[in-house]
Amino acid sequence: MSIKKSQQVVDKWINDHGVRYFNELTNMAQLTEEVGEVARIIARRYGEQSEKESDKNKDLGEELADVLFVVLCLANQTGVDLQDAFDKKLDIKTKRDHDRHHKNDKLK
């Protein structure tokens, strides 16, 4: 599914099930919370922190999907065409970073 289509699906879901979008500040706080949940899993599962028994069954994919959902909500409610923005950003990064990363000894 394209990002554009994902934005449309989220908008339909909000209108059919969510009543309305939370305001932008609430969604920003929710995004921060969701990113924190992703960070917790990464820190414990892939980092040096010990993973609590209660965290072992947490699904990283589900938490990343929560982040994506809120990002799509924020894009919708602020009028951002995220597909267009992402395509432009990928083009910029491709032009700017291709040689830089290949020449980075830290990545070899």
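This is a predicted model: local features need pLDDT of at least 70, side-chain atom pairs count only at pLDDT 80 or more; totals for chains, interfaces and linings use all residues.
Good morning. By contact I shall mean heavy atoms within 4.5 Å of each other.

I begin with H2 and H3. Helix H2 covers residues 24-45 and helix H3 covers residues 60-78. On the H2 side, the contact is made by Glu24, Asn27, Met28, Gln30, Leu31, Glu34, Val35, Glu37, Val38, Ile41, Ile42 and Arg45. Their partners in H3 are Leu60, Glu63, Leu64, Asp66, Val67, Val70, Val71, Cys73, Leu74, Gln77 and Thr78. Sorted by class, the residues of this contact comprise 13 nonpolar, four polar and six charged. As for geometry, the axes of H2 and H3 lie 9 Å apart, at an angle of about 160 degrees. Angles over 145 degrees count as roughly antiparallel, so H2 is roughly antiparallel to H3. The crossing of H2 past H3 is left-handed.

The next pair is H1 and H3. Here the axes come within 9 Å and cross at roughly 85 degrees. H1 is therefore roughly perpendicular to H3. From H1, the residues Ile3, Ser6, Gln7, Val10, Asp11, Trp13 and Ile14 take part, and they meet Phe69, Leu72, Cys73, Ala75 and Asn76 of H3. This contact of H1 with H3 has eight nonpolar, three polar and one charged residues.

H1 also packs with helix H4, residues 82-102; their axes come within 7 Å and cross at roughly 150 degrees. H1 and H4 are therefore roughly antiparallel to each other, and H1 passes H4 in a right-handed crossing. Ile3, Lys4 and Gln7 of H1 meet Leu82, Gln83 and Phe86 of H4. By class, these residues are three nonpolar, two polar and one charged.

I turn now to the pocket. Which residues lie nearest the centre of the largest pocket? They are Trp13, Ile14, Phe22, Gln30 and Phe69, out of 13 lining residues. Helices H1, H2 and H3 each give two or more residues to this lining, and H3 supplies the largest share, with four. The lining has seven nonpolar, three polar and three charged residues, and the space in the pocket is about 170 Å³.

Key:
Residues are numbered from 1 along each chain as its sequence is written. Side-chain values use heavy atoms; hydrogens and water are left out. On a 1 Å grid over the protein atoms alone, a cavity is a set of points where a 1.4 Å probe fits but cannot get out, and a pocket is an open set with protein on both sides within 12 Å along at least five of seven lines; lining residues have an atom within 4 Å of a point. Grid points are joined across faces, edges and corners, and a volume is the space filled by probe spheres set on the points. Ala, Val, Leu, Ile, Met, Phe, Trp, Tyr, Cys and Pro count as nonpolar, Asp, Glu, Lys and Arg as charged, and the others, Gly among them, as polar. Axes are lines fitted to C-alpha atoms, for helices over the stretch in contact, and angles run from 0 to 180 degrees between N-to-C directions. Angles under 35 degrees count as roughly parallel, over 145 as roughly antiparallel, 65 to 115 as roughly perpendicular and the rest as oblique. A crossing is left-handed if the near helix is turned anticlockwise from the far one by less than a right angle, and right-handed if clockwise.
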